[in-house]
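Trainee: I have a new structure to look at, and I would like to learn how to read it. Could you walk me through it?

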Amino acid sequence: MASSEAAEHRVAEEEDTNAPAEDEDTGAQIAPIVKLEEVAVTTGEEDEDPILDLKAKLYRFDKDGNQWKERGAGSVKFLKHKVTGKVRLVMRQSKTLKICANHLVLPAMTVQEHTGNEKSCVWHATDFADGELKDELFCIRFATVENCKTFMEKFQDVAASQNADEEEEEAEAKQEEDKGASDTAELLEKLTVEEKKGGENEPETNPKVEADEKAEETSAST
């Protein structure tokens, strides 16, 4: 019995001696099976500047079920395009980054506090989150009353600014139209004056008078 235990002890010592230490470098190199290349990821927000970014939970009203349904929890943003100045509301779910709201903020839009909840507000929008335009009634809930008020104020400010931008664009378009009409009128007036000047330099001829003069010359020679 003792000899058996001694033999097992010697085997264990040999295994411990032959086994590499945990931090020991064995020199083995394992090549990667697949080489992964870096891929540029685009979000579609590269040409936009965020003017608001808050955490919230979004709901949409289901008309068929006559109830609110959760769309997701994540970050809601107002993004302003660097060239056009248009502003859209975009919200993505935190973990999956799936879009749960995506629509322009238009001048006619209004947002109001959800009845009975100071942390929530509601608004109508034509949304494109699902890849097609849909009329939606949204409700968004924030962690604090302050965040909800900040969102509502920014929403209203953006809608008002978009209205001002539209009026400015219309004024500029009308100004360009008036300028084009004025330039056309000046060109027509110039052409008319030139035609009149050309008519003064070339005397008018009457075929009947010329024929009578030729007949008189012929009779006089005979």
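This is a predicted model: local features need pLDDT of at least 70, side-chain atom pairs count only at pLDDT 80 or more; totals for chains, interfaces and linings use all residues.

**Reading strands, core and loops**

Trainee: How many bridges join strand β6 and β7?

Mentor: Strand β6, residues 120-127, pairs with β7 over eight bridges, again in the antiparallel sense. Within this pairing, Trp123 stands opposite Phe138. The two strands form a hairpin with six residues between them, and Gly131 in the turn has a positive phi of about 90 degrees.

Trainee: In what order do the strands lie in the sheet?

Mentor: Follow the neighbours from one side to the other. Seven strands form an open sheet in the order β4-β3-β2-β1-β7-β6-β5, with antiparallel pairing. β4 and β5 (112-113) stand at the edges with a single partner strand each, so one side of each has no neighbour in the sheet.

Trainee: How should I think about the inside of a protein?

Mentor: In soluble globular proteins, nonpolar side chains tend to be buried together. In this model, the largest nonpolar core has 26 residues, and those with the most contacts inside it are Val76, Leu89, Trp123, Ile140, Phe151 and Phe155. Two or more residues come from each of β1, β2, β3, β4, β6, β7 and α2 (145-201). Of these, α2 gives the most, with six residues.

Trainee: Which residues does Leu89 touch?

Mentor: Leaving aside residues up to four places away in sequence, the contacts of Leu89 include Val76, Phe78, Trp123, Phe151 and Phe155.

Trainee: You mentioned a positive phi. What is the general idea there?

Mentor: Most residues other than glycine have a negative phi. Phi of Asn66 is near 55 degrees, and Asn66 lies in the loop between β1 (48-62) and β2 (67-81). Leu97, which is not a glycine either, has a positive phi of about 65 degrees. Leu97 lies in the loop between β3 (87-93) and β4 (99-104).

Trainee: Are Asn66 and Leu97 buried or exposed?

Mentor: Asn66 is exposed, with a relative accessible area of 58%. Leu97 counts as exposed as well, at 52% relative accessibility. The cut-off to remember is that exposed means over 50%.

Notes: Residues are numbered from 1 along each chain as its sequence is written. Side-chain values use heavy atoms; hydrogens and water are left out. Helices (H or I, at least four residues) and strands (E, at least two) are DSSP runs, numbered from the N terminus. Buried means under 20% relative accessible area, exposed over 50%, partly exposed in between (1.4 Å probe, protein chains only). Two strands pair if DSSP finds at least two bridges between them. A nonpolar core is a set of buried Ala, Val, Leu, Ile, Met, Phe, Trp, Tyr and Cys residues joined through side-chain atoms within 4.5 Å. Contact means heavy atoms within 4.5 Å.
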